[in-house]
Every structure is written in structure tokens, then in C-alpha cells.
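Good morning, colleagues. I would ask you to have the sequence and the structure open while I speak.

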Amino acid sequence: GGGGSSASPRLAMWVRFAPLRLPFRRRLQTAAVLQWVFSFLALAQCCLGLFVLLLLSEGWALAAFYAAWLYLDRHTPARGGRRSAWVRAWPVWRHFRDYFPITLVKVADLDPRRNYVFGFHPHGVLVAGAFGNFCTEATGFRALFPGLTPHLLMLPFWFRVPFFRDYIMSGGLVSSEKASASYLLSREGGGQVAVIAVGGPPEALEARPGAFTLQILSRKGFIKMALQHGAALVPVFSFGENELFNQVPNPEGSLLRTVQERLQKALGLALPLFHARGVFQYSFGFLPFRRPIHTVVGAPISVPRTPNPSREAIDQLHKIYLESLVQLFEDHKVQFGVPENKHLNLI
């Protein structure tokens, strides 16, 4: 038994273990975040596996019945989804919120008689702030913005995965195809919010602590959509979003970056090689660091309804949006721990 004893102090030198005696609520918070990371990284694959197992076993009739339902229900993700107030209010999301913790910050009142496009920045690795604030009630969205219903847009491909699609829709996620945003923003009576992580999956490849790079200069689809429906534009900046995970260095032109960009073009998914901490130690793993997230919802930019906007109109509004986003960042950065000399890098 002599070999193990010399190895363990060496291990302890580069692995920082979590204390064994932790308050129970911190354990609950870690468990809540663990299940969230799992749902993000592996739940879809598990759901698909379950469906295939059912199909190949005595449960085939159940699987066939579900497949028929899937077909009949195929348009729902692009028609406002199917949210569940019960799922959004699960106690697990409060523990998820408190792990970081996540805070939703309101700058201005938003009139519930209008529809809105929230531009969410930065994407981060796993859009934790967007999920916590807009797919759960844990940070009090409804109380801060009465009469508004937020829908986070997610790649259409996830809504084809059996069972998983129903779970993500229950949180208020909807498909990011054009028809889906159009459906929300054309609703009479207002109160609908389409939340778009503007930088999309490619921006995840820029996410690392201290980074403020936003992929936005060529992204104008959300601006055109707002113009076509006369939906007000609201910049949203999530301070702390990029602080949650380290990422394996992938500078432009590196082999890793080239592979990531090719995969992203082929699959539509970005695969950042991220790492942070584990459940029982702080040195490596897929759990985010406990670092505060402050998601600041800016003031609305009024948009005139323009069914066929010209390129000039789109460029003009895009410019106003960028100025407004930069201002939002500059106004709040020092309060939320960003050094005075740090600025957004728009690419």
C-alpha cells in the first residue's frame, strides 16, 4: 500500500478538492447546475436512445404512437411552442439561480401592448444567463416585466429530438427559424418577446474569462425581422456570461479553430472545448465556475413597421442598435466588475 500514499499528495497539489463539509443548500445548487449541464450536453442523446429502445422492444406501439404525435405536432416549435408555467416554476431553478448567482436587471419599463426583440449578448458557452432569466421564473421576469412572455430561440434541429423537444418547449424555448420569430412578433395585442442570442453558436468559440468579443457586425437578420413587424428592439448584456468556463485556446487560423468552424458549418453547432470545475473538486470538469451573472435588459428602441425594409433602413437601425448596446455596456460595466479600460470588441 506504499505506492498510493506518495501519489495522493502530488494529486492534491494540482487538484483542489471541495471541502467535505458544505452547507446543504450549496449541494442542492451544485446538483441543480449538474442536471442543467447534463440536459445541455447529453439529455437529447439519452432521449433519442430511449426512443430507439422503445421502438425495438415491447414498447414499439408506444414509440409508434409518439412518432405519429411528433408528426402532428411538428409545427408547434415555430408557433410559440408549448410552455408550462409549472416547469418554469420548479424549485430546482431557484437553486440553479443561486449557484452563480444570476440577477436580472431592469433599466426601463416595457409596454406590454408591444412585441419585442431582445438581442442577448454574449452567447457564452452555454447561454446560462439567457436560460436562467428567460426559460425559468427564478429571477422574477414576470414581476419585473408584467404582461410580457419571453421565448428563447434555439436551433430548429433540437426540436426534432423525441421527448427532449417537449421538455425544452416547456421552458419557453422555440425554434429559431424565421417563421417562428415572425409568428411571435406578428401576434396582435403584444406582450411577446423573442429572445435571440445574436452571436449564435460561432460566438461560443470566443467565450472565455475576460473576453468581450461579439459577433454582430454582419448579423442583421434580427434587425430586418424587427422592422418587418414593427417590434421594439431591446439590447440585453449579460455581465459574467463569459466568466463561467475556460476554453482550450483556439486562435483564428489554428488547427482546432479550423476544425471547429468546419463542424459548425456542417452541423450548425459550435463545439467549444470548455472546462471549468467538477462536482467534488475545483480543478477540471464541465460544471461552470460560481461567478455572478448580471443580465441587464436595456431601454427599448422604437421601430417603425416596415414590411419591405430597404438595405439602408436595416443598416441605419443596426447602427442605432450597436450604439445602444455599447452604451448599455459602458453604463453598467464598472458596477458589475468590468475594469474601466475594457470595451466591447465588435467583429
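Predicted model: local features only at pLDDT ≥ 70, side-chain atom pairs only at ≥ 80, totals over all residues.

The buried residues of helix α12 are covered by elements that include α10, residues 200-204, and β8, residues 246-247.

Which residues of α12 are buried? They are R257, Q260 and Q264. Viewed down the axis of α12, the buried residues fall within an arc of 60°, so they line one face of the helix. The face turned away from that buried side carries L255, R262, K265 and A266, which are exposed.

Let us turn to the dimensions of this helix. α12 runs over residues 255-267, and at 1.5 Å a residue its 13 residues should span 18 Å. After α12 comes G268, which has a positive phi, near 80°.

My second topic is a region of the surface. Which residues make the nonpolar surface patch? L48, V52, L55, L56 and W60 form it, and its area is about 530 Å². Helix α2, residues 24-55, gives the most to this patch, contributing three residues.

Where is L56 found? L56 lies in the loop between α2 and α3, the latter being residues 60-72. Is L56 buried or exposed? Its relative accessible area is 72%, and because the cut-off for exposed is over 50%, L56 counts as exposed.

Thank you for your attention.

How values were computed:
Residues numbered from 1 in each chain as written. Heavy atoms only, no water. Helix = DSSP H or I, 4+ residues; strand = E, 2+ residues; numbered from the N terminus. Expected span 1.5 Å × (residues − 1). Buried < 20%, exposed > 50% of the residue type's maximum accessible area, 1.4 Å probe, protein only. Arc of directions from axis to C-beta. Contact = heavy atoms within 4.5 Å. Patch = residues over 30% accessible without salt bridge, like charges linked within 9 Å, V, L, I, M, F, W, Y side chains within 5 Å. Areas by Shrake-Rupley, 256 points an atom, 1.4 Å probe, with all protein chains shown as cover. Salt bridge = Lys/Arg side-chain N within 4 Å of Asp/Glu carboxyl O.
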